[in-house]
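Morning, everyone. I'll go through helix packing, then cavities.

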Amino acid sequence: MPGKILPRAASAALLTLTALIAPPAHAADVTPVAVTVNARAALATAPETGIGSNHAIWDSNLGTDQTADLLKDAGVKLLRYPGGSYSDIYHWATHTAPGGYVAPDTDFDTFMRGVRRTGAQAMVTANYGTGTAEEAAAWVRHANVTKGYGVKYWEIGNENYGNGHYGSAWEADDHADKSPAEYARNVVAYADAMKAADPTIKIGAVLTTPANWPDAITAEGDDGSWNKVVLSLAGPKIDFVILHWYPGALDKAGQIPDMLQLTRQQIAAYAGPGSDRIGLAMTEFNTGSSSNGTNTQNGALAAADAYASLLAGGVFTVDWWNVHNGIGNVTQVEGHTDYGDFGLLSSGVCDSGGNVCEPPLNTPFAPYHALQMVSRFARPGDQFVRAATDQPKVSAHAVRRPDGDLAVMLINTSSDTSYPVAVDYAGFTPAAGAPTVLTHTNGATAITTATTGTATSQTLPPLSLTTVVLHPAAAPTGLPGAPGRPAASNVTDRSATVSWPAAAPGARPIVKYELHRQNGAVSEQLGESSGTSYTVGNLRPGTAYTVNVIARDSGGGVSWASPPLTFTTGTPATSSCAVRFTDQTDWASGYVGAVEITNNGAPLNGWTLNFAWPRPWQSLGSGWSAVWTQTGSNVKAVNEPGNGTLATGASATIGFVANYTGPNLLPTTFTLNGTTCTTRT
């Protein structure tokens, strides 16, 4: 969806909240939530540019010192300009946006003054829709050669798939050809011209976000979906890809790992050699839930959960939409007025009738405090590690800090229950005594800091953000360094070889490396080696494995975990059956699947095909050429009377309609009469 001055309509079904607020349940009457923190199950490292936000040229407060100082206090480290869909009508040299409103004192140099005062980096969106590669190159030259701003990140356009090519048009695009191929060709031209002005810059291309329209749709005349075409043609020229996400509901953070996995799979499949250099940027994010708490505490909790999940997954910036936005649909949410304002800070305006007015200009809304909490929880250079809970209303995130400290952020989304938590640690022993605890509660105007509870026991107020900062029981000294990023090779259906760069020894020599699989927040050791590689056996076909490597020295000292590696096993190279599965037609919430079954074994008189949906948001709609049923996540197709006989070498093709409401990981493993088949592409 495009960046606009007005709030955006949510594109997904909204959660229903009760109008009545029950008294909170007392913690003494509630079963403690079990929280597991595994310091050896490492995820991504928190980037310098992780906490970001969008500025917009219609905002007359874009360049004020008060705005910059508030953003700095929130920990904002990246600011995007010139503002959503305005990017494709904005001409920087004249500071004009034909068809749109440009506020005074919002020109590029004013924006950069605010960026520097904030202590942030800039991301600039070059005008693709009504601009040229030459105009973009001149902007780079002005910014980095003439002015010396050192702007590193440059996007080519904003949400250009919204140019009408797929039926819906909000993004300006003067190109006669509005296909993804034309966009990709221009990305190449823009990248060449802009890098000629400054070879050090990074170029980003617009992608569609998995399970968000028009992701996976192939328009007439195209060679594939938007992402496939753009990555295939422009992949060698880009340095990062651009995602936008307005989930609409407040409980979608659990879909983020699959969203990122699918995006990386597309990059690997289509962007050419060396595509692992391509980074991921979420340059627009907002809960998109104006009736459920855009700027009250519900929105803050969803924001903190999403920011932490995205950064733990390796996204290098998450940019809130936006700093100032304006009043929208006014509601009461959990005892507080929600102004339907997608901004971090109040614009201080009233509704059209003058009946409801926002708080004074630059009053922080609740999501501002969420960004502030995330920036205090996960500082640049901290390493995210696995954390999990056994209570759906409570989520957990954790980071390990270079000085040996550990921080745990706990999010209680219950509106009426104060949850006690019992925290268990693996790979970390906390010091005795009360830890430092940062808390933000429903309606609070600031984050409070106290020394309270213990490392293993805290109580979470309803609708709260809580960060617990822990010191280790003993300062780590003389330990080996972390091994380098692992890589997988020779991956089959049952085995894989994992290799890694050696760790730097500490005070004692390294005697072995241990390979650990992440199984939720619990680590499972797969094996150990005195060298820098290990071949793992007894794996399951068609299964994703995320692993880390740790080094152990002669005194039993253990290093930090390596960066994570995720690889997916295949299916048997030979089998008595083979399946070719294709997603034939996709409409971003469902698809038609075709399954071609080939019998490579003895003749069959009757057959049953089984597979499982990878995720709970996937389901069977209907099917044909077989009797289809679904039980839980398992799908079964039994032959019809006319196609039950399969001679050796014979094939049968069956099909179904599937529905999905989240990132659509396709089934990869199929069994025929109980035998795992070879899956062909």
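**Helix packing and cavities**

Start with helix 1 (residues 65-73) and helix 2 (residues 108-118): they pack at an angle of about 40°, with their axes 8 Å apart. That angle makes helix 1 oblique to helix 2. A word on the source: this is a predicted model, where local features need pLDDT of at least 70, side-chain atom pairs count only at pLDDT 80 or more, and totals for chains, interfaces and linings use all residues. Residues are numbered from 1 along each chain as its sequence is written, and side-chain values use heavy atoms, with hydrogens and water left out.

Terms, quickly. Helices are DSSP runs of H or I, at least four residues, numbered from the N terminus. Axes are lines fitted to C-alpha atoms over the stretch in contact, and angles run from 0 to 180 degrees between N-to-C directions. Under 35 degrees is roughly parallel, over 145 roughly antiparallel, 65 to 115 roughly perpendicular, and the rest oblique.

Who touches whom here? Asp65, Ala68, Asp69, Leu71 and Lys72 of helix 1 meet Arg113, Gly114, Arg117 and Thr118 of helix 2. Contact means heavy atoms within 4.5 Å. By class, this contact of helix 1 with helix 2 has two nonpolar, two polar and five charged residues. Asp, Glu, Lys and Arg count as charged; Ala, Val, Leu, Ile, Met, Phe, Trp, Tyr, Cys and Pro as nonpolar; the others, Gly among them, as polar.

Next pair. Helix 4 (residues 180-197) and helix 5 (residues 226-234) pack at about 30°, axes 8 Å apart. Helix 4 is therefore roughly parallel to helix 5. Helix 4 brings Pro180, Ala181, Tyr183, Ala184, Val187 and Val188; helix 5 brings Trp226, Val229, Val230, Leu233 and Ala234. The class count is 11 nonpolar, no polar and no charged.

Third pair. The axes of helix 7 (residues 297-312) and helix 8 (residues 366-377) come within 8 Å and cross at roughly 30°. So helix 7 and helix 8 are roughly parallel too. Their contact includes Ala300, Ala303 and Tyr307 of helix 7 and Leu371, Val374 and Phe377 of helix 8. It divides into 11 nonpolar, two polar and no charged residues.

Now cavities. How many are there of 30 Å³ or more? Three, across the whole structure. A cavity is a set of points, on a 1 Å grid over the protein atoms alone, where a 1.4 Å probe fits but cannot get out; lining residues have an atom within 4 Å of a point. Points join across faces, edges and corners, and volume is the space filled by probe spheres set on them.

Note on methods
On a 1 Å grid over the protein atoms alone, a cavity is a set of points where a 1.4 Å probe fits but cannot get out, and a pocket is an open set with protein on both sides within 12 Å along at least five of seven lines; lining residues have an atom within 4 Å of a point. Helices (H or I, at least four residues) and strands (E, at least two) are DSSP runs, numbered from the N terminus.
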